[in-house]
Amino acid sequence: MSNSAPADPDVFRALDAALAKRRISDPAHSYTASLYAGGVAAISAKIDEEAAEVIEAAQGDDDSHVVHEVADLWFHCMVLLQSRGLDSTAVRNELARRFGVSGHEEKAARGTQGGDNA
């Protein structure tokens with residue numbers, strides 16, 4: 001991915017578009033394409049690694065390190081979404097659906113579907 005800022009001010013939409021292009025790129029020349037080539041197992045392993053790094057960073061005092069690690073985690077989660085034919089809009093829509101709903105109410109509404117109910 002390029003280090004230049006996207007022309008689109010909505011960085012998530014711009015990243016969705018860039019990630020979609022990487023799905024058809026040569027894995028030998030694109031880190032992101034190599035993740036897609038590795039399938040859900042490779043992407044999930046990277047998400048697991050990045051989540052652990054977020055937790056580790058959260059234990060420290062460096063806010064910029066936390067932000068850096070969360071950005072890495074979000075990026076890899078977006079790769080997972082793209083691998084399933086989804087993008088950040090799906091997550092935005094889900095968050096919008098939940099907005100203003102008590103976490104306890106939202107959890108109760110899920111019942112036994114959609115997760116571990118933790």
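Mentor: In this predicted model, helix α3 covers residues 63-83, and its 21 residues reach 30 Å from the first C-alpha to the last, close to the 30 Å expected at 1.5 Å a residue. Just after α3, Gly 85 adopts a positive phi of about 80°.

The buried residues of the helix are Glu 69, Leu 73, Phe 75, His 76, Met 78, Val 79, Leu 81 and Gln 82. An α-helix has 3.6 residues a turn, so residues three or four places apart point the same way. The cover over the buried residues of α3 includes α1 (11-22), α2 (31-58) and α4 (88-98).

Two of these covering helices, α1 and α4, also meet each other: their axes come within 9 Å and cross at roughly 145°. In this contact, Phe 12, Arg 13 and Asp 16 of α1 face Ser 88, Thr 89 and Arg 92 of α4. By class, the residues of the contact comprise 1 nonpolar, 2 polar and 3 charged.

Helix α3 also contributes to the second largest pocket, giving 5 residues, the largest share of its lining. This pocket has a volume of about 280 Å³. Its lining consists of Phe 12, Trp 74, Cys 77, Met 78, Leu 80, Leu 81, Ser 88, Val 91, Arg 92 and Leu 95, and the elements that supply two or more residues to it are α3 and α4. The lining has 8 nonpolar, 1 polar and 1 charged residues. Met 78 and Leu 81 are among the buried residues of α3 and also line this pocket, while Phe 12, Ser 88 and Arg 92 belong to the contact of α1 with α4 and to the pocket lining as well.

How values were computed. Residues numbered from 1 in each chain as written. Predicted model: local features only at pLDDT ≥ 70, side-chain atom pairs only at ≥ 80, totals over all residues. Heavy atoms only, no water. Helix = DSSP H or I, 4+ residues; strand = E, 2+ residues; numbered from the N terminus. Expected span 1.5 Å × (residues − 1). Buried < 20%, exposed > 50% of the residue type's maximum accessible area, 1.4 Å probe, protein only. Contact = heavy atoms within 4.5 Å. Axes fitted to C-alpha atoms, helices over the stretch in contact; angles between N-to-C directions. Nonpolar A, V, L, I, M, F, W, Y, C, P; charged D, E, K, R; others polar. 1 Å grid on protein atoms, 1.4 Å probe; cavity = no way out; pocket = protein on both sides within 12 Å on 5 of 7 lines; lining within 4 Å. Points joined across faces, edges and corners; volume = space filled by probe spheres on them.
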